[in-house]
Amino acid sequence: MNSKSPPIDQEPRWPAIIACLAMGGLYLSLPKFLSIGPRWLPLVVIVILLIPTVIAHRRGADRLNCTLGHILAGVLTLFMLWSLFFLIKALPEHKEPPVLLMRSAFALWITNILVFASWYWRLDAGGPHSRDKTPGHTEGDFLFPQMVAPQEDLPEGQKPWSPMFVDYLFLAFNTSTAFSPTDTPVLSRWAKVLTMIQSMISLTVVALLAARAVNML
């Protein structure tokens with residue numbers, strides 16, 4: 001009699017989906033001069049890429065799901081960088097209302113958090129598919145505080161800890177606000193590069209907000 005392997009507890013994907021849709025909503029709030037084509041274009045592209053990504057996950061096509069997820073994150077990153085470039089370009093021209101520029105900068109600051117949270121979530125320890133196959137999270141590109149706690153001391157019936165999207169969102173939020181990962185050390189080189197890029201983008205946006213606020217006083 002063949003024994004069946006226990007089912008794998010998969011991490012829920014809906015928080016990452018909501019984050020992608022939220023980025024599309026933030027792009028809708030941007031003025032036309034910061035958008036590539038119509039303002040609704042990023043949201044449409046996100047939905048078009050999300051549908052096959054979700055279908056691939058449901059059917060167990062992990063490699064296809066991973067590839068589509070990376071393409072989606074890459075497209076979102078390009079949209080953000082494009083808008084940030086034109087925001088920086090518009091600042092010294094003084095053609096747009098200051099309040100509009102400040103609101104746009106804040107929307108891009110939030111987008112920066114969501115974009116890099118998606119990258120961290122997709123890449124850490126091989127991505128969510130690889131993390132699903134390993135009970136507990138003892139090795140990765142980020143050293144979460146829970147990873148230091150001994151897993152054998154867990155109460156009976158409690159599952160070993162593993163990071164979810166909200167953990168990477170918290171990491172990205174700290175990186176954008178404190179310009180460092182705070183309680184989560186960065187271990188791998190690619191993760192260090194990404195956190196440096198995120199901090200630099202956040203610092204740029206914050207500097208734009210401060211400069212425009214000073215000009216408004």
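Thr77 sits in helix 3, which spans residues 62-90. Helices here are DSSP runs of H or I with at least four residues, strands are runs of E with at least two, and both are numbered from the N terminus. The model is predicted; local features need pLDDT of at least 70, side-chain atom pairs count only at pLDDT 80 or more, and totals for chains, interfaces and linings use all residues. Residues are numbered from 1 along each chain as its sequence is written, and side-chain values use heavy atoms, with hydrogens and water left out.

Thr77 counts as buried because its relative accessibility is 15%. The cut-offs are under 20% relative accessible area for buried, over 50% for exposed, and partly exposed in between (1.4 Å probe, protein chains only). Apart from neighbours within four places in sequence, Thr77 contacts Val115 and Trp119. A contact means heavy atoms within 4.5 Å.

Next, the chain as a whole. It has seven helices and zero strands. Its order along the sequence is α-α-α-α-α-α-α. Some totals follow.

| Property of the chain | Value |
|---|---|
| Residues counted as buried, of 217 residues | 41% |
| Contacts with a separation of 6 or more that join residues 24 or more positions apart | 72% |
| Accessible surface | about 12,100 Å² |
| Part of the accessible surface belonging to carbon and sulfur atoms | 68% |

Accessible areas come from the Shrake-Rupley method with a 1.4 Å probe; for residues, only the protein chains shown count as cover.

The largest nonpolar core has 46 residues, and Leu76, Tyr120 and Phe142 touch the most other members. Such a core is a set of buried Ala, Val, Leu, Ile, Met, Phe, Trp, Tyr and Cys residues joined through side-chain atoms within 4.5 Å. Two or more residues each come from helix 1 (14-28), helix 2, helix 3, helix 4 (98-123), helix 6 (165-178) and helix 7 (189-216). Helix 4 gives the most, with 13 residues. Leaving aside neighbours within four places in sequence, Tyr120 is in contact with Phe142, Tyr168, Leu171, Ala172, Leu194, Thr195 and Gln198.

In soluble globular proteins, nonpolar side chains tend to be buried together. On the surface, Leu21, Val47, Ile51 and Ile55 form a nonpolar patch with about 300 Å² of accessible area together. Patch residues have over 30% relative accessible area and no salt bridge; like charges are joined within 9 Å, and nonpolar side chains (Val, Leu, Ile, Met, Phe, Trp, Tyr) within 5 Å. A salt bridge is a side-chain nitrogen of Lys or Arg within 4 Å of a carboxyl oxygen of Asp or Glu. Helix 2 (residues 41-58) gives the most to this patch, with three residues. Ile51 lies in helix 2. Its relative accessible area is 47%, so Ile51 is partly exposed.
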